[in-house]
Amino acid sequence: MIRNKIYSAGVATLALIGGAFAFSTPGQTATLQPAKMSDHSFQLAQSTFNTAALETAVHNQINQFRASQGLPPLTRNSTIDNQARIHSQNMAGGRVAFGHYGFGQRIQAIAVTIPYRAAAENVAYNQGYRYPATQAVQGWLRSSGHLANIRGNYNFTGVGVAVNDRGAVYFTQIFILKR
């Protein structure tokens, strides 16, 4: 484990929450809320995290794992990315607790443009790691619930990453099986 210079030795955290959720297509429609986009970079003392690059890294690592298991790749979708990003920003900003609060609303917002048969979500946060995306993915792969989502029968995904002012990096990955 390589730690950023801004943290004292031994200070690194990783938290994971996951769960598989399957929904039938909701009868109601939902309005997409536009995300407040930034330049995707956050300066943290001597370390900079490019959230767009972290999102890409998560997507690539998940697809590499799926390929190693003989599973088809997940196609990244900007609508799903947007919902994942909003959730990560809300967790990083303390507007919602770390977890799956609002998952149903995220899926309803996605369903406006992507009819689906099943959906799932993994979330994580970590702090003090040089490669936070790898740390999150490795944590998910060691957790049976998260791993079930990653191996699941899904064909679309979205990834959202946000960093708070204390340097904690929040990850949301949403999995969708399109109709």
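In this predicted model, Arg-76 has a relative accessibility of 26% and therefore counts as partly exposed. Arg-76 belongs to a set of charged residues, Glu-55, Arg-76, Asp-81 and Arg-85, that salt bridges with shared partners join into one network.

**Salt bridges**

- The structure holds five salt bridges, and one of them brings the side chains of Glu-55 and Arg-76 together at 3.2 Å, N to O.
- Because Glu-55 lies in helix 1 and Arg-76 in strand 4 (residues 75-76), this pair ties together parts that are 21 residues apart in sequence.
- Glu-55 also meets Arg-85 in a salt bridge of 2.7 Å, N to O, and since Arg-85 lies in helix 2 (residues 78-92), that pair ties together parts 30 residues apart in sequence.
- Asp-81, which counts as buried at 8% relative accessibility, meets Arg-76 in a salt bridge of 2.9 Å, N to O.
- Glu-55, at 2% relative accessibility, counts as buried, and Arg-85 is buried as well.

**Nonpolar cores**

- The largest nonpolar core has 23 residues, of which Val-58, Ile-62, Trp-140, Tyr-154, Val-169 and Phe-171 touch the most other members.
- Another core, of 12 residues, lies apart from it and includes Ile-110, Ala-111, Ala-119 and Ile-174.
- Leaving aside residues up to four places away in sequence, Ile-62 touches Leu-74, Val-137, Trp-140, Ile-150 and Gln-173.

**Strand 5**

- Strand 5 is largely enclosed by the rest of the structure, because 10 of its 12 residues are buried.
- Strand 5 pairs with strand 7 in the antiparallel sense over 10 bridges, and Ala-119 stands opposite Ile-176 in strand 7.

Notes: Residues numbered from 1 in each chain as written. Predicted model: local features only at pLDDT ≥ 70, side-chain atom pairs only at ≥ 80, totals over all residues. Heavy atoms only, no water. Core = buried A, V, L, I, M, F, W, Y, C linked by side-chain atoms within 4.5 Å. Buried < 20%, exposed > 50% of the residue type's maximum accessible area, 1.4 Å probe, protein only. Contact = heavy atoms within 4.5 Å. Helix = DSSP H or I, 4+ residues; strand = E, 2+ residues; numbered from the N terminus. Pairing = 2+ DSSP bridges. Salt bridge = Lys/Arg side-chain N within 4 Å of Asp/Glu carboxyl O.
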